[in-house]
Amino acid sequence: MEILISIVVGLLFTVGTYLILSRNITRIIIGTGILSHGVHLLLLTMGGLKKGAAPLLGQEAASYTDPLPQALILTAIVISFGVTSFFLVLAYRTYKAHGTDDMEKLRGIDHD
Amino acid sequence: MTALHWATISPLLLAILIPFLYKYLRKIHTGWFVLALPLILFIYFIRFLPSTSAGNVIEHTVPWVPSLGIHFTVFIDGLSLLFALLITGIGALVVLYSIYYLSKKTERLNNFYVYLLMFMAAMLGVVLSDNLIVLYTFWELTSLASSLLISYWYHRKKSIYGAQKSMMVTVFGGFAMLGGFTLLYVMTGTFSIREIIGSLDLVTTNSLFLPAMLLILLGAFTKSAQFPFHIWLPDAMEAPTPVSAYLHSATMVKAGIYLVARFTPVFGGSQEWFWLLSGFGIVTLLWGSLSAIRQKDLKSILAFSTISQLGLIMCLLGLGSASLYYGYGTDTTMYTTATLAAIFHLINHATFKGSLFMTAGIIDHETGTRDIRKLGGLMTIMPVTFTISLIGTASMAGLPPFNGFLSKEMFFTGVLNASQLEIFNMQTVGMLFPVLAWVASIFTFLYCMILFFKTFTGKFKKENYDKPVHEAPLGMLISPIVLGSLVVIFGLFPNLLAYTLIEPAMNAILPTVLGPGEQFYVHIYHWHGFNTELFMTIGVVVLGTLLFLLMRKWAKLSIYLHERDPLNRVYDGTLILLSSSSHRVTSSFMKGSIRQYLIYIFSFMVLFLGYMLFKLNAVTLSGVESAPIVFHEAALAVVMCISAVTVVLARTRLTAIIGLGAVGYSLALFFVLFRAPDLALTQMVIETVSTVLFLLCFYHLPMFKAKFEKIPFRFTNLIVSLGVGILVTVLAISSHHSKSFESLASFFVNSSYDEAGGKNMVNVILVDFRGFDTLFEILVLAIAAIGIYSMVKLRLEKGES
């Protein structure tokens, strides 16, 4: 299962990277979103999958899934949400200020 | 801090006061305040003479950075004292001269004297320091002060060019020298020159011996304007003349000579040292004297003459170092003549070149030009200047009874002796030295004649000068008169110097040649019979005169008409090439496109990590048990993949956003399947909110085109992103299969309830075990919120709603 998920993660990374390399700001932001999904999935996979019950002691199971990666992912989700929303507004402001969402047109002035 | 330390840095301390003196005592020329210091220092250093002539060494240490072995150690032996006397003595004369040369009304005297004092302190530091790092510090300070002085008239383009050039060349050499010093430290474990000389075996047998020698010589050659690093010196003539007289004839350019002399006990006696010094020295001598003939500007002639004379001294030091090869013995005195000649000529050169620069300055000051094509017939108008110049040029040309004659004779003796050496392949090429030296002397004689006759004889043409020409004021003449008298005195009574200055200096340069209780035999005659040297001198005079008389014939040759040293083209070309190629390199990858930078970053990551993975054999697929694959989970994976690909292929914004949402919800479903309820909840909510946010944002942004622009397919992007994806997959699989220790999971299982009183382990970790993470994650959200708010609300530009 881990191998399968690793491949899925690889695909998410590919897609994310490809989007980030494009010229359109919207696509770049979507790319970062996909990339963070990939990272979260990767974190979870690295902790080992389906090693036992959900990490709730009330279940009184013999073994539990590792709770630490989950806590880390939870933190990461919130942070990437904050960053993504900031990016969105930044893109909006950039568009307002410069009238374009094309990265190639946002290179600034050519220095000699 | 002893008196000697204070003496060394006293010019720096005085320099602090100069701006105040300049500002509040405008009526008095600032130079008068400066003048006292070098005079006092000169008298102070003269008091050491008896002690050093007796062979004693004075040494005082003040720790500076003791943990690194860097101490401010000043020590005085014959060599240091000789230089210290030159620096302070000529320093005093130059300051006196500058008082009359620079007007207090029009010049920024505060700058001038601060730089000059800075230079004086630096130079004293160089010659008195025993510690290599301290020496290097002062060495760089001389470069800095010199550049500041060259660019004293900084509104002139040429001054700036000259200052920059001298800085480039000397700092390049200084830096190499620091490398050499470091190698010496590596070899011996000490920065003290005296200790290094004390532990010579560590140096001479080490494989770093040659690199250290080359690096240190690079420093010495650049500073002392040896071929091919001499190019900065003629351009340094843009400095005010007192500066040229002081720095670029008497003191700074001799710092390299000092360095070579100081390190002769360390490196001397080896073939490389011998050949590098004497070879580069004689080439410089020849090149300098040849170039000096072509110059039309008084100061340029003097600059090239300085170059050639420095070459002479360097060559003599090289030849003299052969005596260290033989070591203590009776017949080595024959080879030490060269060293004797070097020191004697060093003193002589400082006297006559200083006076010549000053007279050139007087001529410039009184006539408004330094061009020998305009000058002429000044003999009767400026009789005092004329006399001093006569003495100076005659001495430089090597005519009796002046001191230049004596040192030139000894120079010939030195090269003749050296040509009979039976070491270092001298048997085969040794004869080259006397021949080259002789040819160079003819050129020297020739430019001396040009310098003198073109300036003072011929017809006086009034129309060539902008102002009425007259003799300089007395104050300006005092310093050159003093130096000129010294030329005569040292010429007539050379043995005044013999055991007071020269012998102790020789002792410092060649310490191992003498047996216990012995002294070098220094006796300088005017008349030593009809020997080869005398006939060589006669030949020089005859041929030189002949060449001068035939000047009309060869003056039309293009070699005479082109003044600029051809090596300048190399320097300028290198600079241009360096700046243009670095610009080309930079602009070839700094294109300003984020995409390209990202490609660099990603490719580096993929290539470097991938290489390391395979190099370290880190790719593995076994070892740890994996969870079984269940159908619905596999199906979910496929769904996720399809949605991700949809995002890439989407032609409209909405499809992309929905695709992103689908990926997010699949992730939430994975969280459910992989027993992470809290994650599933959060992911659900956040995904919903962000999708809404995306949609909302775009709904309110009609100007964003609903359709993506047609994106040209880029193969590079695909390759790079595939590389990233594959790398991550390989990394993930390999690291999963190579777990080296147990996870912390059991700790949380055991203590979540007992210690923290919670049954939801994830929540306990978030708020209890690792509460700090959560705290700062809240902070991140808050900052993001504030950022968004301010970005939306704050309007700095006009016309935006």
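User: What does it take for two rings to pair?

Analyst: Rings of Phe, Tyr and Trp (its six-membered ring) pair if their centres lie within 6.5 Å; planes under 30 degrees apart count as stacked, over 60 as edge-to-face and the rest as tilted. By this rule there are 34 aromatic pairs over all chains. One is B:Phe263 with B:Phe267, a tilted pair with 6.1 Å centre to centre and 35° between the planes.

Some ground rules: this is a predicted model, where local features need pLDDT of at least 70, side-chain atom pairs count only at pLDDT 80 or more, and totals for chains, interfaces and linings use all residues. Residues are numbered from 1 along each chain as its sequence is written, chains are lettered from A and ligands numbered from 1 in the order in which they are written, and side-chain values use heavy atoms, with hydrogens and water left out.

User: How many residues apart are B:Phe263 and B:Phe267 in their helix?

Analyst: Helices are DSSP runs (H or I, at least four residues), as strands are (E, at least two), numbered from the N terminus. B:Phe263 and B:Phe267 sit 4 residues apart in helix α13 (residues 255–267) of chain B, so about one helical turn separates them.

User: Is B:Phe263 buried or exposed?

Analyst: Buried means under 20% relative accessible area, exposed over 50%, partly exposed in between (1.4 Å probe, protein chains only). B:Phe263 counts as buried because its relative accessibility is 0%, and B:Phe267 is buried at 0% too. Now look at B:Phe670 and B:Phe674, a stacked pair at 5.4 Å centre to centre, with 15° between the planes. B:Phe670 is buried at 0%, and B:Phe674 is buried at 1%.

User: Which residues do ring pairs link into a cluster?

Analyst: The cluster takes in B:Phe181, B:Phe209, B:Phe263, B:Phe267 and B:Trp273.

User: Where does B:Arg26 lie?

Analyst: A charge sits over a ring if NZ of Lys or CZ of Arg is within 6 Å of the ring centre and within 35 degrees of the ring normal. B:Arg26 lies over the face of B:Tyr22, 4.5 Å from the ring centre. Likewise, B:Arg108 lies over the face of B:Tyr152, at 5.3 Å from the ring centre.

User: How many residues does the largest nonpolar core have?

Analyst: A nonpolar core is a set of buried Ala, Val, Leu, Ile, Met, Phe, Trp, Tyr and Cys residues joined through side-chain atoms within 4.5 Å. The largest has 212 residues, and those with the most contacts inside it are B:Phe45, B:Leu184, B:Phe263 and B:Phe267. Helix α17 (residues 333–367) of chain B gives the largest share of this core, 17 residues. Another core lies apart from it, with 69 residues, among them B:Phe694 and B:Phe698.

User: What does B:Leu184 touch?

Analyst: Contact means heavy atoms within 4.5 Å. Not counting residues up to four places away in sequence, B:Leu184 touches residues including B:Leu132, B:Ile196, B:Phe263 and B:Phe267.

User: Where is B:Met379 found?

Analyst: B:Met379 is in the loop between α17 and α18 (383–397) of chain B. At 34% relative accessible area, B:Met379 is partly exposed. Leaving aside neighbours within four places in sequence, B:Met379 is in contact with B:Phe386, B:Phe456 and B:Thr457.

User: What should helix α19 of chain B span?

Analyst: The expected span of a helix is 1.5 Å times one less than its number of residues. The 17 residues of α19 (residues 403–419) of chain B should span 24 Å, and the end C-alpha atoms are 24 Å apart, which agrees. Of these 17 residues in α19(B), 16 are buried.
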